[in-house]
Amino acid sequence: MNVKRGWKNRPFWIRLLHWEYWSFHAIYLPLYPVFILFCLRARSFFFFAAANPSITNGGYLGESKKDLYNLLPTDIQPRTLFFTLGTDPAMVVEQLMAADFRFPMIGKPDIGGRGRGVKRLENVKEVLSYAATAGMDYHIQEFINYENETGIFYYRFPGEQRGNISGIVHKEFLKVEGDGRKSVRELLRTSSRAILQLALLEKTEPHMLELVIPYGEFFTVSPYGNHARGALFLDHSASVNPAMVRLINDIGNLMPSFYYGRLDIRYQSRELLEQGKSFSVIEVNGAGSEPTHIYDPRHSIFFAWKEIVRHWRLLYSISRANHRRGYRYLSLSEGVAMYLKDFSDAKILAAMQENPSD
C-alpha cells in the first residue's frame, strides 16, 4: 500500500487514529486522578520510591543504569564499560579495544528511557562521535546478537520468596523486505508503522536510507526493542508458564530488594530461555516501568487503562509493605528535585537522540 494515497495514511492521522502512538500524557491523563488516589492513601505523592529500596527513587525516574547493572551477575548481562561525561573519546576507544570489544556495539546514556540516546555503533569513527557528543555519563556495551527480545514484568511482595509475572511483550524490530529496486526510504514509506520513523532517520541515518536491499532479503532498520523506535509490541502474556516464572523469579531474587519492574531480555529461543540458557538481560526497569504488553495493536485503550491501573495497584501494595518494613518515601523536596532533574535530562537525551551519524 502506498501511504501517500488517502488522508488516513499520513503520519498525523496514523498517530491520531491509533492510540499506541499517542503521547505519554495523552494516554495517562485520564488516569491521573486514580494515581492521586493511591498517593492520598499512602499519604505521599512519592510512595513509589519504597518499591525497590536498592534503586534510586525506586527506579521511577533518574535511576542510574550503572547502579542497575551492578545488581545483576555479570554472566547474564552484556559486557559493559561505563564512561563519565568528558572522557577523551580516544581513551574510550583505547579502553574498548583493550577489553577486546568487537563491533557492533551499543552506546547508552546512563540515565534515560524509551530508547532515547541509544545508538548502535558500527566502527571506531562512530564511537568517537558518540563519545564526543554525549551530554551525560554513558555506557558502551557489546551488542547482543540474539534474534529475539522480550520485556517481562515481574513483581514480588516483600517477605515472599516467590514472585510473579504480570505481563510479557514480544518485540519485533523494525525491518523492511527488499525488492532490489526501491531504497530503504521508499520501502519505509509503504508501511504505516515505519513511516513514523522517517523524520528521525533522516537526521540520524541518512546514508542508510539510500541503501537498496536485494530482492527477498530482510533488512533491520532499527535494531532497538523500543516502541518509540518503531518496534512492534505483541502481547505474549498468555504464554506464561511455570518454567518462565521460575527463571524470572530466580533472576529477581539475585537483585537485592528488587520487588517491582520489567526485565528486557534478548534471547536465542524461547525453549533455551526457559532453560536459563542463551539469553542476556539488557535492561532492568524499576517503579517507573510500563506494562508494555499494552501496546499490542490488537488492544484497545480501555485494555491499556485497565492494565496500567492493575500495575499501579501492585506498585502501591508493594511500596506500602516496604514502608511498613522501615523503607522511606521521598520527601516533597526530594520528589520535586527528581522531576526537575528528569526535565533537564530529557532535554539532553533529546539532543543525543537527534545527533546524526558521521
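This is a predicted model: local features need pLDDT of at least 70, side-chain atom pairs count only at pLDDT 80 or more; totals for chains, interfaces and linings use all residues.
Trainee: Which residues of α3 are buried?
Mentor: In helix α3, residues 32-42, they are Phe35, Phe38, Cys39 and Ala42. These cover an arc of only 100 degrees around the axis, so they sit on the same side of α3.

Trainee: What do they pack against?
Mentor: The buried residues of α3 pack against α11, 301-324.

Trainee: And which exposed residues are on the face turned away?
Mentor: Pro33 and Leu40 are the exposed residues carried there.

Trainee: How many bridges join β6 to β9?
Mentor: There are 4, and the two strands run antiparallel. β6 covers residues 164-172. One of the pairs is Glu172 with Leu232 of β9.

Trainee: Now Arg266. Where is it, and is it buried or exposed?
Mentor: Arg266 lies in strand β10, residues 260-267. Its relative accessibility is 6%; the cut-off for buried is under 20%, so Arg266 counts as buried.

Trainee: What lies 2.6 Å from a polar atom of its side chain?
Mentor: The backbone oxygen of Pro223 does, facing the side chain of Arg266 at that distance.

Trainee: Which residues is Arg266 in contact with, beyond its sequence neighbours?
Mentor: Leaving aside those within four places in sequence, Arg266 has contacts including Phe143, Tyr146, Glu149, Phe173, Tyr224 and Phe279. Pro223 is also among them.

Definitions and conventions
Residues are numbered from 1 along each chain as its sequence is written. Side-chain values use heavy atoms; hydrogens and water are left out. Buried means under 20% relative accessible area, exposed over 50%, partly exposed in between (1.4 Å probe, protein chains only). A polar contact is a pair of N or O atoms within 3.5 Å; within protein, one must be able to donate a hydrogen and the other to accept it, and residues adjacent in sequence count only if both atoms are side-chain atoms. Contact means heavy atoms within 4.5 Å. The arc is that of the directions from the helix axis to the C-beta atoms. Two strands pair if DSSP finds at least two bridges between them.
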